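Visitor: I have a new model open and would like a walk through it. Can you take my questions as they come?

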Amino acid sequence: MTEQTVRETIRICKDRNILKEYLMSREVEVVTIMMSLFDDEQIMKTYWKDMENTLTDKITHDKDSETAERLI
């Protein structure tokens with residue numbers, strides 16, 4: 001999601017008369033909040049993906065270690 005996407009979403013809401021007055025008076029603030037939420041969401045997705053990769057690497061390492069011990 002980019003700022004352009006956020007602004008388009010706000011435009012659609014205003015066109016449909018969804019929070020129109022509020023959005024007209026506080027559009028900059030709403031854009032900032034939405035971008036911040038998006039950034040937080042992306043950070044969490046990246047964190048969980050990294051944790052998943054770390055766990056997968058550990059499982060693979062443990063299996064390789066067990067195989068090496070059996071071979072020795």
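Predicted model: local features only at pLDDT ≥ 70, side-chain atom pairs only at ≥ 80, totals over all residues.

Visitor: Is Leu19 buried or exposed?

Guide: Leu19 counts as exposed, at 59% relative accessibility, because the cut-off for exposed is over 50%.

Visitor: What is phi of Leu19 near?

Guide: Phi of Leu19 is near 55°, which is a positive value in a residue other than glycine. Asn17 also has a positive phi, near 65°. Asn17 is in the loop between helix H1 (3–15) and H2, and at 58% relative accessibility Asn17 counts as exposed.

Visitor: Back up a bit. How many helices and strands does the chain have?

Guide: The chain has 2 helices and 0 strands. Helix H2 covers residues 20–71.

Visitor: What radius of gyration does the chain have?

Guide: The chain has 23 Å, whereas a compact globule of 72 residues would have a value near 11 Å. Along the principal axes, the C-alpha atoms fill a box of roughly 75 × 20 × 15 Å.

Visitor: And how much of the chain counts as buried?

Guide: Of the 72 residues, 10% count as buried. The accessible surface comes to about 6300 Å², and 58% of that belongs to carbon and sulfur atoms.

Visitor: Let's look at Val31. Is Val31 buried or exposed?

Guide: Val31 is buried, with a relative accessible area of 5%. Val31 is in helix H2.

Visitor: What is Val31 in contact with, leaving aside its neighbours within four places in sequence?

Guide: Val31 is in contact with Glu3, Val6, Arg7 and Ile10, once neighbours within four places in sequence are left aside.

Visitor: How far apart in space are Val31 and Met44?

Guide: Val31 and Met44 are 20 Å apart, C-alpha to C-alpha, and 13 residues apart in sequence.

Visitor: How many aromatic pairs are in the whole structure?

Guide: A search of the whole structure finds 1 aromatic pair. The rings of Tyr47 and Trp48 have centres 5.2 Å apart and planes at 70°, so the pair is edge-to-face. Tyr47 is partly exposed at 41% relative accessible area, and Trp48 is exposed at 54%.

Visitor: Change of topic. How many salt bridges does the structure hold?

Guide: The structure holds 9 salt bridges. One of them is between Arg11 and Asp15, with the closest N and O atoms 2.3 Å apart. Arg11 and Asp15 both lie in helix H1, 4 residues apart, about one turn of the helix.

Visitor: Which salt bridge links distant parts of the chain?

Guide: The side chains of Glu27 and Lys14 meet in a salt bridge at 2.9 Å, N to O. This pair links distant parts of the chain, with Glu27 in helix H2 and Lys14 in helix H1, 13 residues apart.

Visitor: Which residues are linked with Lys14 and Glu27 in a network?

Guide: Glu3 and Arg7 are linked with Lys14 and Glu27 in a network of salt bridges.

Visitor: What about Arg26, which residue does Arg26 form a salt bridge with?

Guide: Arg26 forms a salt bridge with Glu29, the closest N and O atoms being 3.1 Å apart. Both lie in helix H2, 3 residues apart.

Technical notes: Residues numbered from 1 in each chain as written. Heavy atoms only, no water. Buried < 20%, exposed > 50% of the residue type's maximum accessible area, 1.4 Å probe, protein only. Contact = heavy atoms within 4.5 Å. Phe/Tyr/Trp six-rings, centres within 6.5 Å; stacked < 30°, edge-to-face > 60°. Rg over C-alpha atoms; globule rule 2.2 N^0.38 Å. Areas by Shrake-Rupley, 256 points an atom, 1.4 Å probe, with all protein chains shown as cover. Salt bridge = Lys/Arg side-chain N within 4 Å of Asp/Glu carboxyl O.
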